[in-house]
Each structure stands twice: as C-alpha cells, then as structure tokens.
Amino acid sequence: MLIRFDGILELEGMLLGGQAFRWRFEDGWFHNVLFNNFVSARQVDKGVEFACGPDDESVIAPLFRDYLRLDDDLVAIGKTISKGEQISAAVSKYQGLRILRQEPWECLVSFICSANSNIPRISTNVEDMARNFGHALEMNGHVRSAFPTPDELADAGEQKLRDLGLGFRAKYVAAAA
C-alpha cells in the first residue's frame, strides 16, 4: 500500500539513526514490528510504500503515517526553531528528518537501555527482550516479535533481563515494568 506524501522525507535517517532500535534494512525494505504488526516499508517517489500483517494495511496506514509524522510541517518547524547558528545548520542539513511518534512503553525501555551504551548494543538488548518475552509475528517468511508488555517484562524479572545482557539496566527495566 502506498502512503502518498510529497514533502521532504529522510526515511533511512529516521528509522536507522538512533531514534528507534528495532528497524532492520534488508532487500531494499525496512522491517520492524509496530502496532502488533510486522511492518515493511520503503521510500518511493510518491511517498512511503508499506506492507503489514496480520492486520489489514488500511487499518495500519493511518497509524504508520502518524508514527512517521508525515503531517508535521517541517518548513514551519524549521523556521520556528532556527534561532541560532548551530540549530539553523542542523535544520538545513537534515531537512527530511522527522521525530518518530513511538509507542511510549518501548521508547521508555529503550531509553533505559541507552544508559552508558551505544546503538548496536541498545538494538540488541531491545530485540532480545522482544524475542524472548514478546509474541512472534510472521510475514512473507520474516519472523519478528512484538515488544513485550509491562506485564510480560515484570513476569520475566530482573535476573532474566540480566541474563539477556542488560547488565545494571535490568534492575531499572524490571522496576519500570
């Protein structure tokens, strides 16, 4: 399905640049689990093409559009925040970069995992939690797991989170859950 969009967009930077940690790029598509659906997406001339499952694409399309914040007016936002030289330069350099509207629980746990860490390790920690404590989803031969709910992580407990390599962060993830 095509989500039509004719504004400026930098999909790769948005999905792989360290805002969210579970996007993977393979065979020209970005893959992740959002809204309890396996989602595959790619930027095309007329917008963003995507596929999803198990829900119908017509159900997920408005949610995905909102997640990507395609209705934000980046030109107006850029004018508003470009008050200093450094911000003006950043706005100019990264014109199509949008802040993802992520699911708050996964975003919070990812932030906890980011303490004294790096993007590859955060990605591993977050994906390991999903794989071990979330439910699996499949689409076109790809299998990924939904991010676990607070109850699922609370049931896992601190020790199982430590066993996944979260280190001192396990205590804080378990407490948040």
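Guide: Let us begin with the term pocket, which here means an open set of grid points with protein on both sides within 12 Å along at least five of seven lines, whereas a cavity is a set of points where a 1.4 Å probe fits but cannot get out. Please keep in mind that this is a predicted model. On that definition, the largest pocket has a volume of about 440 Å³, and of the 18 residues in its lining, Leu74, Ile81, Val91, Tyr94 and Leu97 are the closest to the centre.

Visitor: What makes a residue count as part of the lining of a pocket, and which helix supplies the largest share in the largest pocket?

Guide: A lining residue must have an atom within 4 Å of a point of the pocket. Helix 3, residues 74-81, and helix 4, residues 85-93, each contribute at least two such residues, and the largest share, six residues, comes from helix 3.

Visitor: How is the lining of the largest pocket divided by residue class?

Guide: Eleven of its residues are nonpolar, three are polar and four are charged. Tyr counts as nonpolar in this scheme, so Tyr94, one of the residues closest to the centre, belongs to the nonpolar class.

Visitor: What is known of the second largest pocket?

Guide: Its volume is about 320 Å³, and 18 residues line it, with Val33, Phe35, Glu103, Glu106 and Phe147 nearest its centre. Strand 3 (29-34) and helix 5 (104-113) each supply at least two lining residues, the largest share, three residues, being that of strand 3. By class, the lining of the second largest pocket comprises nine nonpolar, five polar and four charged residues.

Visitor: Why are strand 1 and strand 2 called edge strands?

Guide: The open sheet has five strands in the order 1-5-4-3-2, with antiparallel pairing. Strand 1 (2-4) and strand 2 (24-26) each pair on one side only, and they are the edge strands for that reason. From one strand to the next, the twist averages 30°.

Visitor: Why is Glu127 called buried?

Guide: A residue is buried when its relative accessible area is under 20%, and Glu127, at 7% relative accessibility, therefore counts as buried. Glu127 is found in helix 6, residues 119-133, and, leaving aside neighbours within four places in sequence, is in contact with Arg22, Arg24 and Arg144.

Visitor: Why is His135 called partly exposed?

Guide: The term covers values between the limits for buried, under 20%, and exposed, over 50%, and the 39% of His135 therefore makes it partly exposed. His135 lies in the loop between helix 6 and strand 6. His135 and Ser145 are ten residues apart in sequence, yet their C-alpha atoms are 5.2 Å apart in space. Apart from neighbours within four places in sequence, His135 is in contact with Asn36, Arg144, Ser145 and Ala146.

Visitor: Which value of phi does Asp27 have, and how is the bond between Gly53 and Pro54 described?

Guide: Phi of Asp27 is positive too, near 55°, and this residue is in the loop between strand 2 and strand 3. Asp27 is exposed, at 68% relative accessible area. Gly53 and Pro54 are joined by a cis peptide bond with omega about 20°, and Pro54 lies in the loop between strand 5 and helix 2. Most peptide bonds, by contrast, are trans.

Methods
Residues numbered from 1 in each chain as written. Predicted model: local features only at pLDDT ≥ 70, side-chain atom pairs only at ≥ 80, totals over all residues. Heavy atoms only, no water. 1 Å grid on protein atoms, 1.4 Å probe; cavity = no way out; pocket = protein on both sides within 12 Å on 5 of 7 lines; lining within 4 Å. Points joined across faces, edges and corners; volume = space filled by probe spheres on them. Helix = DSSP H or I, 4+ residues; strand = E, 2+ residues; numbered from the N terminus. Pairing = 2+ DSSP bridges. Axes fitted to C-alpha atoms, helices over the stretch in contact; angles between N-to-C directions. Buried < 20%, exposed > 50% of the residue type's maximum accessible area, 1.4 Å probe, protein only. Contact = heavy atoms within 4.5 Å.
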